[in-house]
Amino acid sequence: MRSLSGIQPSGILHIGNYFGAIKQFVELQDEYEGFYFLANYHALTSSPKGEDLKSNTISVILDYLALGLNPEKSTLFLQSDVPEHAELSWILSNISPMGLLERAHSYKDKVAKGIKPNVGLFTYPILMAADILMYSPDIVPVGKDQKQHVEMTRDIATKFNETYGKEIFKLPKEKIVENVATVPGTDGDKMSKSYGNVINMFGSKKALKKQIMSIVTDSTPLEEPKDPDNNITKLYALFATETEVEALKEKFRAGNFGYGHAKNELFDKFMDYFSPFQKKREELENNMDYVYGILREGANKARSIATAKMDEVRDVVGLLKKNY
């Protein structure tokens with residue numbers, strides 16, 4: 001059984017990336033053969049500066065390793081180290097209906113948020129389909145916001161198989177942990193780098209506390225009871241036990257407990273949870289030869305699979321092999 005997923009190195013990863021995806025990757029390693037990549041082709045949709053993308057890519061692989069992805073159990077690689085992804089994306093684009101892409105929630109949401117769209121952003125689901133179908137995974141662990149993209153991947157795979165009369169691509173299933181499917185941001189909306197409402201995992205205590213203290217709340221006076229199911233509580237529940245969450249809710253119900261007090265409790269829980277990962281990341285930063293070696297090995301394994309799959313694809317669509 002195989003699991004596959006990827007994350008864009010389009011900026012510093014945040015706790016939404018961790019609880020919505022990376023934590024699943026780590027937990028699945030003992031059950032599935034894992035393929036986890038850095039989607040740096042996808043990151044180009046935001047037209048980053050070259051040096052920023054390089055820096056972000058290194059940052060994310062360090063995060064992957066620090067948070068528990070084990071190269072002895074999972075294959076870790078850069079999307080751009082397997083150029084077959086781009087080739088397959090082009091081939092799939094020729095059987096993908098325009099209407100399918102126009103229905104993509106992620107694209108429409110970004111446009112609604114004022115993000116200026118480009119062709120790459122519009123065709124993002126096709127490249128994502130190529131990323132997935134290349135490796136024939138059984139499951140694709142993703143956040144709830146990516147569920148539709150996996151469904152579109154199945155649609156594209158079905159259309160390709162029917163068009164060419166041969167089952168070239170396996171239909172994958174998304175795997176979503178429902179209770180953390182969508183992690184709220186500091187403004188209550190879905191946490192996203194694009195929306196600037198994130199809480200990062202790595203950085204100075206001062207910077208991390210500033211992000212937590214920026215969580216948007218209402219103006220209920222200190223002495224009055226407050227809605228216990230507020231945004232602070234939802235984030236606190238990611239780190240705390242059910243008993244601890246209920247205790248926090250009771251403080252809100254009782255009054256004489258301010259949002260600032262709650263944010264401090266959230267910060268303490270956050271640091272308890274992520275401190276071991278922060279230490280591991282510092283160790284990895286001081287051993288980059290080891291990190292680059294992992295990427296080389298991962299690229300070699302991933303590309304051997306991609307090469308074999310593309311031989312099948314080229315043959316069925318009628319592209320001549322290099323034997324003439």
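**Salt bridges, cores and a buried Asp**

Student: Quick one. Is Asp 138 buried or exposed?

Tutor: Asp 138 counts as buried, because its relative accessibility is 17% and the cut-off for buried is under 20%. Keep in mind that this is a predicted model.

Student: Which residue does Asp 138 meet in a salt bridge?

Tutor: Lys 170. Their side chains come together at 2.5 Å, N to O. Lys 170 sits in the loop between helix 9 (147-164) and strand 5 (173-175), and Asp 138 in the loop between helix 8 and strand 4 (139-141), so the pair ties together parts 32 residues apart in sequence.

Student: And Lys 170, how accessible is that one?

Tutor: Lys 170 has 35% relative accessibility, so Lys 170 counts as partly exposed.

Student: How many salt bridges does a search of the whole structure find?

Tutor: The search finds 21. One of them joins the side chains of Glu 33 and Lys 301, at 3.5 Å, N to O. That pair links distant parts of the chain: Glu 33 is in strand 2 and Lys 301 is in helix 14 (residues 288-317), 268 residues apart.

Student: What else does Glu 33 contact?

Tutor: Leaving aside neighbours within four places in sequence, Glu 33 is in contact with Met 1, Arg 2 and Ser 3, as well as Lys 301. Glu 33 belongs to strand 2 (residues 33-38).

Student: Why do Glu 33 and Lys 301 count as partly exposed?

Tutor: Glu 33 has 30% relative accessibility. Lys 301 has 38%.

Student: New topic. Where does UniProt place the "binding site" feature?

Tutor: The unreviewed UniProt entry puts it at Asp 131. That residue is in helix 8 (residues 124-133). Asp 131 counts as buried, because its relative accessibility is 1%.

Student: Which residues does Asp 131 touch?

Tutor: Leu 4, Phe 37, His 42, Gln 79 and His 85, not counting residues up to four places away in sequence. With Gln 79 there is a side-chain to side-chain polar contact, at 2.9 Å.

Student: Now the core. Which members of the largest nonpolar core touch the most other members?

Tutor: Ile 15, Tyr 64, Leu 235, Phe 270 and Phe 274, out of 55 residues. Helix 13 (residues 259-285) supplies the largest share of this core, 9 residues. Apart from this core lies another one, of 37 residues, including Leu 100 and Phe 122.

Student: What does Phe 274 touch?

Tutor: Ile 15, Tyr 18, Phe 19, Leu 67, Met 201 and Phe 239, not counting residues up to four places away in sequence.

Student: Last one, helix 3. What span should its 17 residues have?

Tutor: At 1.5 Å a residue, helix 3 (residues 50-66) should span 24 Å, and its end C-alpha atoms are 25 Å apart, which agrees. Its buried residues include Leu 53, Asn 56, Asp 63 and Tyr 64.

Student: And which residue with a positive phi follows helix 3?

Tutor: Gly 68. Its phi is near 120°.

How values were computed. Residues numbered from 1 in each chain as written. Predicted model: local features only at pLDDT ≥ 70, side-chain atom pairs only at ≥ 80, totals over all residues. Heavy atoms only, no water. UniProt positions renumbered as here; feature names shortened; annotations may be inferred. Helix = DSSP H or I, 4+ residues; strand = E, 2+ residues; numbered from the N terminus. Buried < 20%, exposed > 50% of the residue type's maximum accessible area, 1.4 Å probe, protein only. Contact = heavy atoms within 4.5 Å. Polar contact = N/O pair within 3.5 Å; in protein donor to acceptor, adjacent residues only side chain to side chain. Core = buried A, V, L, I, M, F, W, Y, C linked by side-chain atoms within 4.5 Å. Expected span 1.5 Å × (residues − 1). Salt bridge = Lys/Arg side-chain N within 4 Å of Asp/Glu carboxyl O.
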